[in-house]
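Hi there,

Here is the structure I promised to pass on to you. Have a look at it first, and then read on for what turned up in it.

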Amino acid sequence: MFTIVRDLIRYNIEFAVGFAILLLLIGAVILSFFSPYPAADIYVVAPDMPPDAEFWLGTTSRGQDNFWQLMIALRNTLAFGLGVAFLSRILSLVVGLTAGYAGGRVDRVLMAINDSVMVIPHFPILVLFYFVLKDDMNWLMLVLILSALGWSYDARLIRSIAMSLRTRPFTTQSVYSGMSMRKILVEEHLPYVMPIVFATTMNNMIWSIGMEITLSVLGFTDVDTPTMGQMIYWANSHSALISGIWWWVAAPVVAIIVLFIGLFLLSMSMNEYIDPRSRLNRMGS
Amino acid sequence: MAAYMIFVARRFAQLLLVVFLGISATFFITHMTPVDPVTESVTAITNFGKSDPEAIELMRKTLTELYGLEGNLFEQYVTFWSRLVRGDFGPSLSAFPTPVSQIIFRALPWTVGLMISATLISFTIGNTLGALAGYYRKSRILKIISLGLIGLQPIPYYVLAFILLILFGFVWPVLPITGGYEMNADLNLSFALVLDIIRHSILPAMALVLVGAGSWLTGMRALTSNIVTEDYVTFAELGGVGSTRILRSYVVRNAMVPQLTGLAMSLGAIFNGTVITEIVFGYPGIGTLLINAVHAGDYSLVLGLASLSIIGVAIAVFLIDILSPLLDPRIKAE
């Protein structure tokens, strides 16, 4: 594991940059626990102060220190993305491995459902959820809803690998030695798809965090927990751009872009690492 | 041809399944939650003043009927479907008594127009650049352009649209940043109106194209660099076929089929993006309508919009799916 990371950093510039951003994010998350102000408290510092030595990213019109807000928002947003990724990975693994291994009717039924979830537009459904839940909408609920929507694409990917694993001799041998289907899937096939699962985690986080930001900016989530989208939401509702408090908007927007490019670079370089053909391409060029 | 008909029939069954699952999901989301839309609406209306209990009771009864909430869950489900098939989503509450379907069909052309034009532009740009970048692997300019577009691709639609809004609204105000046409525009069809509408659609379309083009580019580049190593391409090169012709008829033609399948698969996401971008720019389409309906507490309009989005996207996916094999040069051999 360590040597893989070291080699990737040495030979793959995308991975090196992505990894550096990842370390930066982990640093921010650790830092967020040392915040001198409770996250939800407002008017704890002088409002509308531009960035200076005391307030590195200025202060907001709600009297919060922008820097510490950003650190806590990063932590919450990342936790949200990881939560969705974890739950939806489990779903896509169960569906993908089962469909690929069982084949036949099970495969057709599962894939028909899978493809339906894939093409249904998610945004109107999420808005509908908010519309009926209103104040009962909390972060746990949103994690569950997004997990239920975000597994289909990766389940198809996992299924395609599981289908080829089924025809390998070791699977036949396991069947003849009397292993149960569950055991074959968990002990024999799961290790083969794990690299793909890690790479799709990044893509899934890009998607779920993007949705979180969109919903939060519109005010369709619990806006009292600081997240990246919630910061822009409050900045917009105080017309920060018009009143010239540009740092309030710039901080989360820049952080979001860095976060997404970091995740994207990691997923891209992992995909490349998994696919030996593109690794050869890189060595050749 | 028989094989193709079976394929179409299968896709049609899939379409029915998507619509069934999607509509059932919207039904159960709205009916299984503890929140009662009738109570919500009644509270919203009676918030403004005192009403006598009898009037409230009457209102409650009317709303229950209007929302199709009479009887047990199964009866409500049947009512929901029978109304949907007739295209009847009831009257809108915020624009009473205009029927919901009429309001939606007024907004629909904006969304469809924006979505189709932005998708066509990003699909063309992404695939052309991707094919070129896959074929001319050494070109430095293509590498830089690819890097830029791929870097924009992971940024969420909302954030990119928001950045464009800041750039062209505050930093360099040259383009209109809100609405679909000028406030006092003369809505009779004229050259000036068309120009005005195009001017207003530049920024939303630009946001969609900038986010969208990168993924087509990566897909096409990978496909192209695989196809270039095929024997028939090498043979054509040795036979002296020009590189433009090789790229167009030997490479891109073959790569188009998986790209179109990709388009069908990502249509739902593109629709999300269009809706989100509309909200940022206040574009008068489905997205803005949806948000306004949520803020106004317009139950039937939100439900109608969600249902229609699912049906519309499902039908569009079905059409692309059944048309894409016809473009496959190999299908004629059958």
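From the N terminus on, the elements of chain B run α-α-α-α-α-α-α-α-α-α-α-α, which comes to 12 helices and 0 strands. Helices here are DSSP runs of H or I with at least four residues, strands are runs of E with at least two, and both are numbered from the N terminus. Please keep in mind that this is a predicted model, in which local features need pLDDT of at least 70, side-chain atom pairs count only at pLDDT 80 or more, and totals for chains, interfaces and linings use all residues. Residues are numbered from 1 along each chain as its sequence is written, while chains are lettered from A and ligands numbered from 1 in the order in which they are written.

Chain A also has 12 helices and 0 strands. Its C-alpha atoms fill a box of roughly 70 × 50 × 30 Å along the principal axes, and the C-alpha trace of chain B spans about 90 × 55 × 40 Å along its own.

Now for where the chains touch. The contact takes 33 residues from chain A and 39 residues from chain B (two residues are in contact if their C-beta atoms, placed from the backbone, lie within 7 Å). On the side of chain A, the elements giving two or more residues are H4 (104–119), H5, H9 and H11 (246–274). H5(A) gives the largest share, 10 residues. By class, this side of chain A divides into 26 nonpolar, 4 polar and 3 charged residues. Ala, Val, Leu, Ile, Met, Phe, Trp, Tyr, Cys and Pro count as nonpolar, Asp, Glu, Lys and Arg as charged, and the others, Gly among them, as polar.

The axes of H5 (residues 122–133) of chain A and H1 (residues 2–32) of chain B come within 9 Å and cross at roughly 15°. Axes are lines fitted to C-alpha atoms, for helices over the stretch in contact, and angles run from 0 to 180 degrees between N-to-C directions. That angle makes H5(A) roughly parallel to H1(B) (under 35 degrees is roughly parallel, over 145 roughly antiparallel, 65 to 115 roughly perpendicular and the rest oblique). In this contact A:Ile125, A:Leu128, A:Phe129 and A:Val132 meet B:Ala25, B:Thr26, B:Ile29 and B:Thr30.

The contact is made by A:Pro124, A:Ile125, A:Leu128 and A:Phe131 with B:Val302, B:Leu305, B:Ala306 and B:Ser309.

Finally, which helix bends at A:Leu190? That is H9(A), which bends by about 60° there, with a proline, A:Pro191, following within four residues. The bend is the angle between axes fitted to the seven residues ending at a residue and the seven starting there. H9(A) (residues 181–217) has 37 residues, but its end C-alpha atoms are only 45 Å apart, short of the 54 Å that a straight helix would reach (1.5 Å times one less than its number of residues).

Happy exploring!
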